[in-house]
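Here's a friendly walk through the structure, starting with the sheet and ending with the charged pairs. Have a look at it first, then read on.

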Amino acid sequence: MRIAVLIPCYNEELTIGKVVADFRRELPDAEIYVYDNNSRDRTAEIARTAGAIVRREIRQGKGNVVRSMFRDIDADIYVMIDGDDTYPAEFVHDLIQPVAAGEADMSIGDRHSDGSYSSENKRPFHNFGNQFVKALINRLFRSQLRDIMTGYRVFNRRFAKTMPIQSEGFEIETEMTLHALDKRFRIIEIPIRYRDRPPGSESKLNTVSDGIRVLKTVFWIFKDYKPLAFFGTVALLLFIAGLAVGIPVITEFFASGRIAKMPSAILAVGLMVLATNSLTCGFILDTIVRNHRDNYELLQNEFKD
C-alpha cells in the first residue's frame with residue numbers, strides 16, 4: 001500500500017525538519033512530500049535535507065497547494081499534515097487504520113474532544129470561530145462532527161482524485177468537510193492531542209480575514225449545495241418584510257376603500273414578487289443540484305481505485 005505524506009509549507013524552517021523526521025520515523029516506507037509555497041526562509045532546504053521530496057507551488061494559498069498535491073501525487077493513502085509541528089506524528093497510525101481497512105474515505109484528527117486545542121491555542125477568537133463554523137455546518141448538514149477545520153487528515157485515493165477544490169487559502173479544510181458531507185463520503189473522527197507552535201514559530205492565520213473567508217466558503221457552499229433551503233430562507237424573509245409593509249396598506253384599503261400609501265403598496269408588491277422569484281430559483285437550482293449529485297455518483301462508479 002502506497003502512503004504519501006503531504007505537507008504544505010510556507011516559512012516553516014523552525015519546524016519542518018522535525019515534522020519530516022517524525023513522520024519518517026512513524027512511516028518509514030511512506031513518501032513524504034513538502035510543497036513549498038513561496039517561502040522566504042530555508043524551509044525547502046531543510047525539508048530536502050531531512051529526506052522529503054520537495055516541490056514548489058507558486059500560486060499562494062494552502063488550497064492551491066492541496067489542489068496540486070492531489071493532482072500530482074499517486075498513492076493509495078494520503079496523509080495531510082501541517083508543517084508547524086502542532087500535530088503529533090504518532091497519531092497517524094490511528095488515522096490511517098480506518099481508511100486502510102475500507103471503513104472510511106476520510107479520517108479526521110479531532111483536536112477538541114480531549115480539550116487540547118482550547119487549552120493550547122492562545123487565540124480565543126480562533127476557538128470561537130471553530131465552534132461557530134462547526135455548529136453552523138452540523139446544523140446545515142445534520143451531522144455531528146467535532147472538528148471541522150483540523151489540518152490533520154487521511155484520505156483514500158477515491159476522495160483525493162475526485163474532489164473539485166475551489167478554495168485558495170486556509171478554508172480548504174472546511175471545503176473538504178463540506179464536500180465529504182454533501183457527497184456522502186464516510187468520515188471518521190479520531191481524537192488526537194494538539195500542541196501550540198513552538199516559540200519563534202509564527203502562525204500564518206489571520207483571525208479576521210481567514211474567518212471571513214471561511215464564512216464566505218460556508219455561505220457559497222450552502223447556496224450551491226442546499227439551494228432550496230438557501231433561497232427558501234431568502235424568500236421567507238422577503239415574504240415577512242412584504243407582509244410588514246403591506247398589511248397596513250390592506251387594512252387602510254378595507255377601512256376607507258382607497259390606498260393613500262401608494263409607495264408602501266408598490267414596495268409590498270415588489271417584495272412579494274422577489275419572494276416568489278427566490279422560491280422559484282430555489283426549486284430550479286435544487287433540481288439541478290440533484291442531477292449533479294446523480295452524475296457524480298455515476299462518475300464514482302466508473303472510478304478505478
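## The sheet

Seven strands make up an open sheet with mixed pairing, and their order is β3-β2-β1-β4-β6-β5-β7. At the edges you'll find β3 (53-56) and β7 (187-191), each with a single partner strand, so one side of each has no neighbour in the sheet. On average, neighbouring strands are turned by 20 degrees against each other, direction ignored. Keep in mind as you look around that this is a predicted model.

The strands β5 and β7 run parallel and are joined by five bridges. Within this part of the sheet, Met106 stands opposite Ile187 in β7.

## A helix across the strands, and its partner

Now for helix α3, which spans residues 62-72. This helix lies across β1, β2, β3, β4 and β6, and runs at about 155 degrees to β1.

How do α3 and α8 cross? Their axes come within 9 Å, at a crossing angle of roughly 55 degrees, so the two helices are oblique to each other. On the α3 side, the contact is made by Lys62, Gly63, Val66 and Phe70, while α8 brings in Ile172, Glu173 and Met176.

## A buried charged pair between the helices

Two of those contact residues also form a salt bridge: Lys62 and Glu173, whose closest N and O atoms are 2.3 Å apart. This pair links distant parts of the chain, as Lys62 sits in helix α3 and Glu173 in helix α8 (residues 172-182), 111 residues apart.

Are these two buried or exposed? With a cut-off of under 20% for buried, Lys62 counts as buried because its relative accessible area is 7%. Glu173 is buried too, at 4% relative accessibility.

In total, the model has 21 salt bridges. One of them brings the side chains of Asp147 and Arg111 together, at 2.7 Å from N to O. Asp147 lies in the loop between α6 (124-141) and β6 (153-156), and Arg111 in the loop between β5 (106-110) and α5 (116-120), so this pair ties together parts that are 36 residues apart in sequence. Both Asp147 and Arg111 are buried.

Another salt bridge joins Lys183 and Asp182, with an N to O distance of 2.8 Å. Lys183 is buried at 6% relative accessibility, and Asp182 is buried at 6% as well.

## The nonpolar cores

Which residues touch the most other members of the largest nonpolar core? They are Val5, Ile7, Phe23, Val34, Val79 and Tyr152, out of 34 residues in that core. Two or more residues each come from β1 (3-9), α1 (16-26), β2 (31-36), α2 (43-49), β4 (77-80) and α4 (92-100).

There's also a second, separate core of 24 residues, including Tyr35, Phe70, Ala160 and Met176. You've met two of these names already: Phe70 of α3 and Met176 of α8 are among the residues making the contact between those helices.

How values were computed. Residues numbered from 1 in each chain as written. Predicted model: local features only at pLDDT ≥ 70, side-chain atom pairs only at ≥ 80, totals over all residues. Heavy atoms only, no water. Salt bridge = Lys/Arg side-chain N within 4 Å of Asp/Glu carboxyl O. Helix = DSSP H or I, 4+ residues; strand = E, 2+ residues; numbered from the N terminus. Buried < 20%, exposed > 50% of the residue type's maximum accessible area, 1.4 Å probe, protein only. Core = buried A, V, L, I, M, F, W, Y, C linked by side-chain atoms within 4.5 Å. Pairing = 2+ DSSP bridges. Axes fitted to C-alpha atoms, helices over the stretch in contact; angles between N-to-C directions. Contact = heavy atoms within 4.5 Å. Parallel < 35°, antiparallel > 145°, perpendicular 65-115°, else oblique.
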